[in-house]
Amino acid sequence: GQRNPHQPEFLQAVTEVMETLWPFLQANPRYTEHALLERLVEPERVVCFRVSWVDDAGQVRVNRGYRVQHSMAIGPYKGGLRLHPSVTLSILKFLAFEQTFKNALTTLPMGGAKGGSDFDPKGRSNGEIMRFCQAFASELFRHVGADTDVPAGDIGVGGREVGFIAGMIKKLTNRADCVLTGKGMGFGGSLLRPEATGYGLIYFAEEMLKTRGKSLEGMRVSVSGSGNVAQYAIEKALQHGAKVVTCSDSGGTVIDEDGFSAEKLAVLMQVKNEQYGRVSDYAARVGAQFQAGARPWQVPVDVALPSAVQNELDEADARTLIANGVQCVAEGANMPSTNEAAKAFEAAGVLYAPGKASNAGGVATSGLEMSQNAQRLVWTRDEVDARLRCIMQSIHGACLQHGQRPDGSMSYVTGANVAGFVKVADAMLQQGVI
Ligand code: NDP
């Protein structure tokens, strides 16, 4: 706390990991030697820089850019870029810390990082987005590289922004290296990368339900958010026979008791991805109910998939979901549940998966994009999908293996934290004090 004042999200993420690791560390004290834990909570490098650009009115604007390079212990730094006015060093440090463990869980050789800016893309023209991204890339390019650090998308950074940033870096370096993942198919992208986080989330939720002899077929599902993760989670949930009754954005929640259909999802994708509109516009177009300012958690469901933003589901929301009979909560977003909410789910016996396990399909597929770029090959959609399924199953297996608590109960939080930690910690111990 003293060392990281005004960084509540970072302290929250560290607390959650350290609390769940504690029994494991007591049983395996070698992991507390060589200041391993002290090193793990200190990012290897933090870069902070000015981003100045010119808006459509000719006015010069200034934003703050960041790249937090948390750990290179098991591979090049890897993690997304977030463009949102709420971005702070605390949020990026929490995301980079989580990313290190998540990437370790994927079984692929990737370290952890995160970056972005407090730039607000809402209401900005295409030209403004491009000029901002180019200005951002004109500093970022010094710190990244195919074998150093490979950023990707996150909130506010989709295919369009990845293209602008990758294009500028290519121009500045005169190299076509894989410096970003989530690229367009015409310039080094991987099939299924856009779908990967949402699809992976559903594959993971199916594995969780299977442990209780259940499946998504016929289940009522609530999704929060309406961006990249939410859209493809909805698509895959529908393919698995679920009834998806909500989506949301920062303006409010859509409640649709008839459930999403493929046709309605196509409208949502058009509103969000082509018109950069709001879910309230979507609700009006399909005739669904819209509750301004509301979150989806008061709607009774069997499965909840929080896929918007950190701390969007608090203890009171968790108690409402539990009282309404929720059986499974799998996180599409990073740290959407507060630590108190997560504990409430586990205490109530709800199947609860933290984002670092259940949303790892996106970065895993980014890892597959890096492999394809290195080989100068493009794998088929089926090949990428098969690998994604396999990776999600393997992460689920690792959670089961490491998630046994002293009282015999099973915790995905413990499982994900211990499994990710052991891999990073072993790599650090083998590489000495660096
Ligand atoms: P997008 O930018 O595509 O979508 C973000 C969604 O979250 C939008 O619907 C946005 O609504 C909503 N949102 C943002 N802030 C708030 C808020 N304060 N309250 C309610 N809704 C909010 O981002 P992604 O779908 O890529 O990311 C969503 C989450 O998933 C993030 O936590 C991200 O870190 C995580 N994630 C993403 C991965 C990926 O591959 N993309 C991989 C792993 C995790 P609005 O338009 O109103 O801002």
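Which elements make a right-handed β-α-β unit? Strand β6, helix α7 (residues 228–239) and strand β7 make this unit, where right-handed means that, with the strands pointing away from the viewer, the path from the first strand over the helix to the second runs clockwise. The model is predicted, so local features need pLDDT of at least 70 and side-chain atom pairs count only at pLDDT 80 or more, while totals for chains, interfaces and linings use all residues. Residues are numbered from 1 along each chain as its sequence is written. Helices (H or I, at least four residues) and strands (E, at least two) are DSSP runs, numbered from the N terminus.

**Strand β7 and its partners**

- Strand β7 spans residues 243–249 and is mostly covered, as seven of its seven residues are buried; a residue is buried if 20 or more other C-beta atoms, placed from the backbone, lie within 10 Å of its own, exposed if 12 or fewer, and partly exposed in between.
- Strand β6 (residues 220–223) pairs with β7 in the parallel sense over three bridges, and two strands count as paired if DSSP finds at least two bridges between them.
- Strand β8 (residues 252–255) runs antiparallel to β7 and is joined to β7 by four bridges, with V254 of β8 as the bridge partner of C247.
- Two residues lie between β7 and β8, which form a hairpin.

**The sheet as a whole**

- Seven strands form an open sheet with mixed pairing, in the order β9-β8-β7-β6-β10-β11-β12.
- Because β9 (289–292) and β12 (351–353) stand at the edges with a single partner strand each, one side of each is left without a neighbour in the sheet.
- Neighbouring strands of this sheet are turned by 15° against each other on average, direction ignored.
- Helix α6 (residues 193–210) packs on the sheet and touches β10 (303–305), β11 (328–330) and β12, its direction making about 150° with that of β11; axes are lines fitted to C-alpha atoms, for helices over the stretch in contact, and angles run from 0 to 180 degrees between N-to-C directions.

**Residue C178**

- C178 is placed in the loop between α5 (159–173) and α6, and C178 counts as buried because C178 has 21 C-beta neighbours inside 10 Å.
- Not counting residues up to four places away in sequence, C178 touches A146, V150, G188, M370 and N373, where contact means that the C-beta atoms, placed from the backbone, lie within 7 Å.

Notes
Two residues are in contact if their C-beta atoms, placed from the backbone, lie within 7 Å.
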